[in-house]
Amino acid sequence: MENIAGKKPALSWAKNVAMATMVLIWVIPTLGLLVSSFRDRDQISATGWWQAMLPVELTARARTGTEATPEGGLYRVEGVIFDDEEAQSYFSGTPGDISAFGIRGAEPTAYPAGTTADLGDGETLTVNADGSYVWITPEEPGNRGQRVYFAAESPPKLTLDNYRTVLSGDNMGRAFLNTLTVAIPATIIPILVAAFAAYSLAWMEFPIRGLLIAGIVGLLVVPIQLALVPVLNLHNEIGVGQSFVGIWLAHTGFGMPLAVYLLRNYMAGLPRDIIECARVDGATDFQIFTKIILPLSLPALASFAIFQFLWTWNDLLVAKVFLPSADEAKVMTVKIADDLLGSRGGDWGILAAAAFVSIAVPLGVFFSLQRFLVRGLLAGSVK
Amino acid sequence: MANLSLKNVEKTYGGAVTVLEDIDLEIETGELIVFVGPSGCGKSTLLRMIAGLERITGGELEIDGTVVNDVPPAQRGIAMVFQSYALYPHMSVRDNMSFALKIAKMPKAEIDERVNRAAKILQLDAYLDRLPKALSGGQRQRVAIGRSIVRDPKVYLFDEPLSNLDASLRVATRIEIAQLKESMPDSTMIYVTHDQVEAMTLASRIVVLAGGGIAQVGTPLELYEKPENEFVAQFIGSPAMNLITGEVIQTGAETHVRTKDGGEAISTVPTLPEDLGKTVNIGVRPEDLVAISGDGPFLYHGKVNITEALGEVTILYFHPDAEGTDPVIAKLPGIHKSMRGVDVKLTADPDKVHIFEDGQSLLYRDRPRKRITAGVH
Amino acid sequence: MNPLIQGLATIILGVGGCIGYFYASNLLLDKVLYPAKGPNIASNIRRANIIRPWLFIFPALLVLTVYLAYPVVGSAYRSLFNRSGDEFIALGNYVALLESPEFRRSFLNNALWAIFVPVMSVTAGLIAAQLSDTLKWGNIAKSLIFMPMAISFVGASLIWKFVYAVDSDIGLINAVLAGLFGAGPIDVIQIPFWNNFFLMFILVWIQTGFAMVILSAALRGIPEETIEAAILDGANPFQIFFRIKMPQIFSTIVVVWTTITVASLKIFDIVYAMTGGNFGTEILPSYMMSFMFRDDGRATSVALVIMIIVLPVMISNIRQAQKELR
Ligand SMILES: Nc1ncnc2c1ncn2[C@@H]1O[C@H](COP(=O)(O)OP(=O)(O)OP(=O)(O)O)[C@@H](O)[C@H]1O
Ligand SMILES: [Mg+2]
């Protein structure tokens, strides 16, 4: 198509721009989350993630020193505000110039740098741009210095702290393991069961085959919400209850229609001659299945496996219903939705890191196995 | 090693569509039987019924005197070569060839020996460890054949095995199959093809299928020289046999037929007195027509419409007698130029002139008439 | 680590059990019940072949029945009983639903989802497919647009929570508003009615990649000659797209459309994570979840309503499958 005579270059320019815009809209939100997850908590609330590479003006809190020299009935305290440990904790590198300072948390930047603040009763404080200060007080300071708030630029700071917090505290590591424990068996078991069923529906003759296929296609659209109450009751009755075994079984059941449908479509598309040839060669149905069909269906199997893995990994609803609500049984999605979104609603850095921990595995799976996923999708829906 | 016998075999789909019926056929050990017929006439179906891949809905199929209607394919002692080769794409050539033997739990040493022997016969030794996708079409076909050889079956079945090959490869492989057959004189083979040359050169006997039944069974030359009906007469040979309508004017050991345009055909097909005056079709192959000059008796006379000079022969197409009828075709040796519009008179050796009454050859007037509904190719 | 070991054990047990079942049952059939030897070999083999498909399909059929078919029936039955399940109240739950304003709101919102999400996803997917197929970097673009497919609904909600955040130092939307127009921060999640669309867009963001991948394959499956013929006939790119390409991929569009419609009817996680159903964003599945464990009669009746909405899609799916089989 590219080499048709007289095609306007303007059009292809417009196409590039349109595509780029769309890709940006699709990528930017995720990118924002990724960047945020590496930022320091104070920096996140100070500037947007898109400014992560720029210095941030932070408001820091500090105390002056207490080593006073008497000076005409007053006491004079001098020093550099950045020497204070509390002040240092705000900055990741060498802080920039101080732009303003204050003495109350409500007005942290009440006085421009270099000016002198009158604290009343003859008490004054001067903070210069380079951080040096002079505090003059009528009383001896004792062991507590004067509270100082000041704003200064901090260089950009990227840290792994959020990830450390997420993975160590709050049972998140446990939740990660739980998710794995749910996802892996819930991926493998349905594939096996579905593959055999798909083969018999594609290549074996028996009376109500057509009816069964239609039924399975129909079940494809049953909303699983419908199944939650009765199945949970059933699980409780047979003693499975809310447990890992229960959720494995549930995922197996809920994933079955899609699995059978995708695999049957794929297997039915395999060349008839090959299967008949194997039959003439004396292979039984079991041998045809294991020696011919399975190896040839690998792309479809892989694709469904990816699908099911993503779906079980990402699932929230089934996990909420079929796993106990105790904290040690929570999977990551539940953990994030219930705990982090609720209690840590304001701690964006932690939220972002948590989200990334939960999507890192699926994203990895997705990008490395995308080819198979696409192939299987197509086998299922484009004929 | 085996003889097959089909008795009244019938195939119906869903109780409604009858694809084949009344198929009676005896196949002797060592024969190479070729099934030919127009597309959709049921050649593959019949072959697949013999293989056991398609249920036989009526009649009996015997192999070596045992009814095998209900025996699964693997137990029938047959091997089949598919048109699409049907190689297992995920197995190497060696694994493809040994698959059936492994399933039969044959000892490893024997499997290797058989595979190597077959590979040698088919010149596949160099490719044994390749996957099918790394082979050419001809090589794949040879693997498919090799796969059946190693099983040492009673009956080989081939369904259009060469039709996916290009013309020159097809000739080469055809010759290979002929040699293969010669090297295994006891093996029985059934071969389906569209290609007349394949049928004529390979077959010990040809089965012409048409309209759901057998139109004729015979050696290639029998079919060519003594077709049983108009269908076979026109199906075998290219271009097809000419059919010209006429009236019997003299009966006996030599029959004379007067054609509509005043020609007179003489045939050595014997007729009975009561045939006198009957309307029949005479059949003459284009290659049997001879151009004559002068005022002597002629069989056909017409104006040339189109000529095709092929070098060794020239094919003349005459103006058709009437709208919708097939033109008479003559195939004359040598090159004839600028024949268009020329009046030509043709005659033929009485031995080569066939007479059909109502579609059936008068040579076979005692045989039951076949219902052939399907059109000519 | 205990669940991990337990998980490993189950994988081995489950997978081993599955394989064992299939293998053993076949063996039983071929060697013990109807051995392929002896005098009645033919009839034995025939009988074994009648039974075998059922061996293969039995486990699948079992879980399908227990986990999907039975619940449909079971829910329908349960929805006719009261909260505790001991009193038959016929259509009482449904009547209560109809009278509840929250239900009506959820129903309408769900209808919005079922219309807006497929329209947007298919349109965007079609545009992306069409654009990416002609560009050099099309495959990278496709891969990036397809990526949200791998992200959980909860994860996606979180991602968009960042975008929608009120704080203009976090939320991109408010940052743009403030930066370009100087407008004050708005909480898009709380704008009455329109907040629904902001939630729906998250699903569109996820599903567009799916639509794109399938539609792009369909577009590539269109015979090149028909397009070339149209070019020779003087059609412009838009005419080619709407009059030549679209009709040829129509059946694929229908498949994608219904798939996304069903997905948007079943969606629960996004609303749950973004608003918890507050601010007038309740939809049926989240409405139902609010009754789960408290009033199963009510919960199942909501589920059944969802099912009834999906029913037409289901029937057309079955019809399609039966047609394909012929
Ligand atoms: N499942 C079926 N139901 C109904 N009719 C069928 C079925 N399968 C095949 N047929 C019909 O049986 C007839 C014979 O088919 P078959 O494949 O044997 O033809 P063929 O002679 O091998 O043709 P070709 O030379 O084209 O391969 C065809 O007319 C076909 O339409
Ligand atoms: Mg055929």
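**Close-up views of a predicted three-chain model****Figure 1. Contact between chain B and chain A.** The contact draws on 20 residues of chain B and 16 residues of chain A. The model shown here and in the other views is predicted. About 1,600 Å² is buried between chain B and chain A, and carbon and sulfur atoms give 68% of this area. On the side of chain B, the residues that lose the most area to chain A are Tyr88(B), His90(B) and Ile103(B), which together make up 30% of what that side buries.

**Figure 1. Polar and charged pairs between chain B and chain A.** Between chain B and chain A there are 2 salt bridges. Arg151(B) forms a salt bridge with Asp281(A), with the closest N and O atoms 3.4 Å apart. Across the interface of chain B and chain A, 7 residue pairs are in polar contact, both residues of each pair being at pLDDT 80 or more. On the side of chain B that touches chain A, strand 6 (78–81) and helix 2 (93–103) of chain B each supply at least two residues. By class, that side of chain B has 15 nonpolar, 2 polar and 3 charged residues.

**Figure 2. Contact between chain A and chain C.** In this view, 111 residues of chain A are in contact with 109 residues of chain C. The area buried between chain A and chain C is about 9,800 Å², with 81% given by carbon and sulfur atoms. The size of an interface is often given as the accessible area lost when the parts come together.

**Figure 3. The salt bridge between chain A and chain C.** The count between chain A and chain C is 1 salt bridge. Asp285(A) and Arg52(C) meet through their side chains in a salt bridge, at 3.6 Å from N to O. Between chain A and chain C, 6 residue pairs are in polar contact, with both residues at pLDDT 80 or more. Helix 1 (residues 9–37) of chain A gives the most to the side of chain A that touches chain C, namely 16 residues. The residues on that side of chain A divide into 81 nonpolar, 21 polar and 9 charged.

**Figure 4. The two domains of chain C.** Chain C is divided into domain 1 (3–78) and domain 2 (93–325). Their C-alpha centres lie 38 Å apart. The contact between them involves 4 residues of domain 1 of chain C and 5 residues of domain 2 of chain C. About 430 Å² is buried between domain 1 of chain C and domain 2 of chain C, with carbon and sulfur atoms giving 67%. In domain 1 of chain C, Val72(C), Ser75(C) and Arg78(C) lose the most area to domain 2 of chain C, and together they account for 85% of what that side buries. The interface of domain 1 of chain C and domain 2 of chain C has 0 salt bridges. The side of domain 1 of chain C that touches domain 2 of chain C has 2 nonpolar, 1 polar and 1 charged residues.

Figure 5. Asp112(B) and Lys108(B) are joined through their side chains by a salt bridge of 3.3 Å, N to O. The two residues are separated by about one helical turn, because they lie 4 residues apart in helix 3 (residues 108–121) of chain B. Asp112(B) is partly exposed, at 25% relative accessibility, whereas Lys108(B) is exposed, at 60%. Arg117(B) forms a salt bridge with Glu113(B), with the closest N and O atoms 3.4 Å apart. Arg117(B) and Glu113(B) also lie in helix 3 of chain B, 4 residues or about one turn of the helix apart. Arg117(B) is partly exposed, with a relative accessible area of 49%, and Glu113(B) is partly exposed, with 45%. Elsewhere, salt bridges with shared partners join Arg272(A), Glu276(A), Arg48(B) and Glu54(B) into one network.

**Figure 6. A salt bridge within chain A.** Glu78(A) forms a salt bridge with Arg76(A), and their closest N and O atoms are 2.5 Å apart. Arg76(A) is partly exposed, with a relative accessible area of 22%. Over all chains, a search of the whole structure finds 24 salt bridges.

Notes: Residues numbered from 1 in each chain as written. Chains lettered and ligands numbered in written order. Predicted model: local features only at pLDDT ≥ 70, side-chain atom pairs only at ≥ 80, totals over all residues. Heavy atoms only, no water. Salt bridge = Lys/Arg side-chain N within 4 Å of Asp/Glu carboxyl O. Buried < 20%, exposed > 50% of the residue type's maximum accessible area, 1.4 Å probe, protein only. Contact = heavy atoms within 4.5 Å. Buried area = accessible area lost by both parts, 1.4 Å probe. Polar contact = N/O pair within 3.5 Å; in protein donor to acceptor, adjacent residues only side chain to side chain. Nonpolar A, V, L, I, M, F, W, Y, C, P; charged D, E, K, R; others polar. Domains from an automatic or database assignment.
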